[in-house]
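Take a look at the chain below. Keep the sequence and the 3D view side by side as you read.

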Amino acid sequence: MSDSILISIKKLLGITEEYEHFDADIIMNINMAFMVLYQLGVGPSTPFKITDASALWSDFMEDATDIEGVKTYIWLKTRLVFDPPQTSALIDAIKANIAELEWRLNVTCDPKVTFTATHEEANEYALANRAEINDFEKQVSRL
């Protein structure tokens, strides 16, 4: 996969690198997905956006190797708006994948969560944050 954000997303959408007619639309949708990731606490500490094919995945992810799901997330969000599927079952499947990736990326990037916790500590964290988890589950179920 190309390291260029725009070129790789175009490829996943089935659009060749040379065909630039939809670039502005695709860039707008990519930036919308980056905005959501920023609000979830994923990525750089300042909002990230692309303007052309020169923006690279490494510009967004810097040294983070544990958030590769960002690429799939950006593609799914872009596809859902730019080229939505014809069937509601496929739309629902994409929405479910998006919701799962949002949750997983948020947990991965949440500075309050450490993965070196013991099983008991993880359970205590889950119990202490159950209200927040319930709110998130309600929001996801509305999608």
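Is K71 buried or exposed? K71 is buried, with a relative accessible area of 18%. The cut-off explains the call, because buried means under 20% relative accessible area. Bear in mind that this is a predicted model.

**The whole chain**

Start with the overall plan. The protein chain has 7 helices and 0 strands. Read along the sequence, the pattern is α-α-α-α-α-α-α. The chain has 143 residues, and 32% of them count as buried.

Now consider contacts between residues at least 6 apart in sequence. Of these, 57% join residues at least 24 apart. The protein chain exposes about 9,100 Å². Carbon and sulfur atoms supply 54% of that area.

**Helix α1 and its cover**

Helix α1 spans residues 5–12. It is mostly covered, with 6 of its 8 residues buried. Which residues are they? The buried ones are I5, L6, I7, S8, I9 and K10.

What covers them? The cover includes α2 (23–40), α3 (57–61) and α4 (69–82). Find these three helices in the 3D view and see how they sit against α1.

After α1 comes G14. The phi of G14 is positive, near 85 degrees.

**Salt bridges**

A search of the whole structure finds 3 salt bridges.

| Pair | N to O distance |
|---|---|
| K10 and D23 | 2.8 Å |
| K71 and E68 | 3.2 Å |
| R104 and E100 | 2.7 Å |

Take the K10 and D23 pair. Their side chains meet in a salt bridge. K10 lies in helix α1 and D23 in helix α2, so the pair ties together parts that are 13 residues apart in sequence. Both partners are covered. K10 counts as buried at 1% relative accessibility. D23 is buried as well, with a relative accessible area of 13%.

Next comes K71, the residue from the opening question. K71 forms a salt bridge with E68. K71 is buried at 18%, whereas E68 is partly exposed, with a relative accessible area of 42%.

The last pair is R104 and E100. Where do they lie? Both are in helix α5, which covers residues 88–109. They are 4 residues apart, about one turn of the helix. An α-helix has 3.6 residues a turn, so residues three or four places apart point the same way.

**A charged patch**

Which residues form a negative surface patch? They are D3, D59, E62 and D63.

Look at E62 in particular. E62 sits in the loop between α3 and α4. E62 is exposed, with a relative accessible area of 54%. That follows from the cut-off, because exposed means over 50% relative accessible area.

**Looking back**

Helix α1 is mostly covered, and α2, α3 and α4 are among what covers its buried residues. The loop between α3 and α4 holds E62, a member of the negative patch.

Terms used:
Residues numbered from 1 in each chain as written. Predicted model: local features only at pLDDT ≥ 70, side-chain atom pairs only at ≥ 80, totals over all residues. Heavy atoms only, no water. Buried < 20%, exposed > 50% of the residue type's maximum accessible area, 1.4 Å probe, protein only. Helix = DSSP H or I, 4+ residues; strand = E, 2+ residues; numbered from the N terminus. Contact = heavy atoms within 4.5 Å. Patch = residues over 30% accessible without salt bridge, like charges linked within 9 Å, V, L, I, M, F, W, Y side chains within 5 Å. Areas by Shrake-Rupley, 256 points an atom, 1.4 Å probe, with all protein chains shown as cover. Salt bridge = Lys/Arg side-chain N within 4 Å of Asp/Glu carboxyl O. Lys, Arg positive; Asp, Glu negative; His and termini not counted. Charge placed at Lys NZ, Arg CZ, Asp CG, Glu CD.
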